Amino acid sequence: MENAVNESVEGIDKQRSKSPKRPAKWKPILIGIIVIIAVIIAAISYYQANYFNAHIKINDTNVGGLTAEQALNKLKTTVLKNEVYVENQQIIDGNDTKMGFTDKDLPGVKELLKSQRTYFPSSKAKEFSFIPSQPDSYRSEEMKKQVKEKLLSMNESLTAPIDAKASLEEGKVIISKSNDGQQLDIASLLKDYEKQGYTSEIRLNPVYIQPIKEDSSIVKDEQKRLEELLLQTVDYKVQDQVYLLKGSELIQNASVTKDLKVKIDPSDIKEKIADINSSQSTLDKNFKFKTHSGSVVTVKGKGYGWALDVDKEAKQVKSAFEKGENSITASHTTGHGWSGEGYGFETTSNHGIGSTYAEVSIAQQRIWVYKNGKLVVTTNVVTGKHSTGNDTSKGVWYILYKRSPSMLTGRELGGKPSYQVKVDYWAPFTNDGQGFHDAGFRSNWASNAYLNAGSHGCVNTPPSVMGTVYNTLSTYDPVVIY
């Protein structure tokens, strides 16, 4: 039975092996599908490589579905309205212009096409800003100027912000409060304008000028600078004396500039300099003078003497505080010199007279001339005529100038304007013509000659010694007459 079954199975297998195979019907369909897909992909790839996506804009111009050439042609013909808005407020309605694109810009458009390309069509919106190779200067120059002028005009009617600021008021550092304003930050808006690109409507986001706040580093630096100013001291040297000037005592009101330089109200400084001047100056004051005999007399300063130029010195001290200098020396004086200059400022010895000078005694009708503290010459002289009121003027004077020889005329000798006399040496010491000169014309040298036969104010000096007097004295040396 088993054998019969096996034979039967073997027979069936042999039959199957002899029957022909049928071809598969699904292969052509698969191939067709693949071809169709390949064509579609190729078409999409071609389209994507040559056409912009649907919602692509260049300079606010829709170029979706266009080739690079078509997009360029559209850009060439697009008209810009050139309207400028700050938020929703239109501030400029400019002239209509074209963008200025040419065929030279095709490579640039192709680059934009390449950069926006996706594998499959995309509905994602995207905007490009593209400056043409030959842009119209209207927007970048003329219209930008109009925008700036309009913004400036708008700001004139808007409230400006108020910065917080540190200042010194009545000796105390005060910080003022800041206030917001409404004025536009023009520089920021113009930068925004430059970034807008080539669009018909330029919309600028409003940016406002911000005030400097109380807690800003700027205000803190100002505060620190003023506090340093109050702690500052300046050594102020006047001749051989040094005065310690304290900021806390002399500066009541001050402000700070943007570069952290202080500006000081000099009122109190000026008052301090005036006090120093009052106590130390010699102009129009009495000099204590030790005579040849050792006695001390008081002689009024006349031509000789000095005073501080208070305004200029206060300005110098103010500048020292502002610049952070620690010491300065007085250098501006006034007096009765030819041009208002003072004399004797450099001299501190002998009560301001120094060691080189001429001493004239009216009572003794004699002079003594000293050089560096040593008596060089002494001689009898004849001074101004007392009976007619032409006395030689008492006081402390100085040698104005020296001239050898010289022709004295008119008032210099007290005679008529036409009167002239030649002298070998002339050294005036008053502005009205009194001075030392040789008097060869004089025969009366008595000690009382000045009472009725004196000069017209000059100190007549014997010719034999006048040369020594002239050569010993220098311009600006004091002449003490008592």
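Predicted model: local features only at pLDDT ≥ 70, side-chain atom pairs only at ≥ 80, totals over all residues.
Local features here need pLDDT of at least 70, side-chain atom pairs count only at pLDDT 80 or more, and totals for chains, interfaces and linings use all residues. Residues are numbered from 1 along each chain as its sequence is written, and side-chain values use heavy atoms, with hydrogens and water left out.

Let's start with strand E11, residues 233-238. Helices (H or I, at least four residues) and strands (E, at least two) are DSSP runs, numbered from the N terminus. In a regular strand the side chains alternate between the two faces of the sheet. Buried means under 20% relative accessible area, with exposed over 50% and partly exposed in between (1.4 Å probe, protein chains only).

E11 runs antiparallel to strand E12 (residues 241-246), and six bridges join them. Two strands count as paired if DSSP finds at least two bridges between them. Thr-233 has Lys-246 of E12 as its bridge partner.

**A three-stranded sheet**

Further along there's an open sheet of three strands, ordered E26-E27-E28, with mixed pairing. Strands E26 (426-428) and E28 (459-461) are the edges, each pairing on one side only. On average, neighbouring strands of this sheet are turned by 20° against each other, direction ignored. Strand E27 (residues 435-438) pairs with E28 in the parallel sense over three bridges, and Phe-436 stands opposite Val-459 in E28.

**Helix pairs**

Axes are lines fitted to C-alpha atoms, for helices over the stretch in contact, and angles run from 0 to 180 degrees between N-to-C directions.

| Pair | Crossing angle | Axis distance |
|---|---|---|
| H5 (residues 137-156) and H6 (residues 186-194) | roughly 150° | within 11 Å |
| H9 (residues 267-280) and H10 (residues 310-323) | about 125° | 9 Å |
| H3 (residues 68-77) and H4 (residues 106-116) | about 120° | 9 Å |

That makes H3 oblique to H4. Angles under 35 degrees count as roughly parallel, over 145 as roughly antiparallel, 65 to 115 as roughly perpendicular and the rest as oblique. The H3/H4 contact (heavy atoms within 4.5 Å) brings Ala-68, Glu-69, Ala-71, Leu-72 and Leu-75 of H3 up against Leu-106, Val-109, Lys-110 and Leu-113 of H4. Those residues split into seven nonpolar, no polar and two charged. Ala, Val, Leu, Ile, Met, Phe, Trp, Tyr, Cys and Pro count as nonpolar, Asp, Glu, Lys and Arg as charged, and the others, Gly among them, as polar.

H5 and H6, by their angle, are therefore roughly antiparallel to each other. On the H5 side, the contact residues include Met-143, Val-147, Leu-151 and Leu-152, and on the H6 side they include Ile-186, Leu-189 and Tyr-193. By class, this contact of H5 with H6 has eight nonpolar, one polar and four charged residues.

H9 and H10 are therefore oblique to each other. Ile-269, Lys-270, Ile-273, Ala-274 and Asn-277 in H9 meet a set in H10 that includes Val-310, Ala-314, Val-317 and Phe-321. Seven nonpolar, one polar and four charged residues make up the contact of H9 with H10.
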